[in-house]
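Open the structure in your viewer and keep the selection tool at hand. The stops below say what to select and what is there.

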Amino acid sequence: TADPTGKLPEETLDVVALKTSFGKKGFSTQEMVVLSGAHTIGGKGFGNPNAFDNAYFKVLLEKPRPTSSGMPIGLPTDWALTEDDECLRWIDIYAEDEDKFFADFRDAYTKLVNSGASWRTA
């Protein structure tokens with residue numbers, strides 16, 4: 001089923017709107033960037049779709065923006081992060097240091113879950 005309305009930011013937001021959206025939920029810019037790293041999993045085009053790694057951040061640093069079969073990789077919100085100096089600083093850090101990405105993601109994801117995320121059981 002689709003994500004509940006209002007739980008995730010719209011895919012078309014610019015970086016200012018993203019920061020505002022995450023900030024209203026109590027998340028810093030650093031936490032927003034590290035949580036966005038979850039896009040490394042799945043079919044968004046960031047590396048191996050079955051591996052949780054820091055490929056997301058490495059791809060965001062590629063110039064020009066990479067494509068897959070002529071289609072842009074990722075979501076507009078992924079690339080919006082690269083247009084902000086504060087976000088770009090964190091992208092650089094996580095692209096270089098996968099262990100830091102893992103540690104910071106663990107902390108931010110725990111905060112996300114503790115903020116009221118709910119899970120359905122099968």
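Start by selecting K111. Leaving aside residues up to four places away in sequence, K111 touches G26, F27 and E31, where contact means heavy atoms within 4.5 Å. K111 itself belongs to helix α6 (residues 98-114). Helices (H or I, at least four residues) and strands (E, at least two) are DSSP runs, numbered from the N terminus.

A note on the model before the next stop. The model is predicted, so local features need pLDDT of at least 70 and side-chain atom pairs count only at pLDDT 80 or more, while totals for chains, interfaces and linings use all residues. Residues are numbered from 1 along each chain as its sequence is written, and side-chain values use heavy atoms, with hydrogens and water left out.

Colour the chain by pLDDT, the predictor's confidence in each residue, from 0 to 100. The chain averages 89, and 90% of the residues score at least 70. Among the elements, α5 has the highest mean pLDDT (98) and strand β1 (residues 67-68) the lowest (80).

Next, select helix α2 (residues 29-36) and helix α5 (residues 85-96). Their axes come within 9 Å and cross at roughly 50°. Axes are lines fitted to C-alpha atoms, for helices over the stretch in contact, and angles run from 0 to 180 degrees between N-to-C directions. The two helices, α2 and α5, are therefore oblique to each other; angles under 35 degrees count as roughly parallel, over 145 as roughly antiparallel, 65 to 115 as roughly perpendicular and the rest as oblique. Show the side chains of T29, Q30, M32, V33 and V34 of α2, and of E86, C87, W90, I91 and Y94 of α5, which make the contact.

The contact is made by W90, I93, Y94 and E96 of α5 with E98, K100, F101 and D104 of α6.

Finish at P64, in the loop between α3 (55-60) and β1. The peptide bond from K63 to P64 is cis, with omega near -10°.
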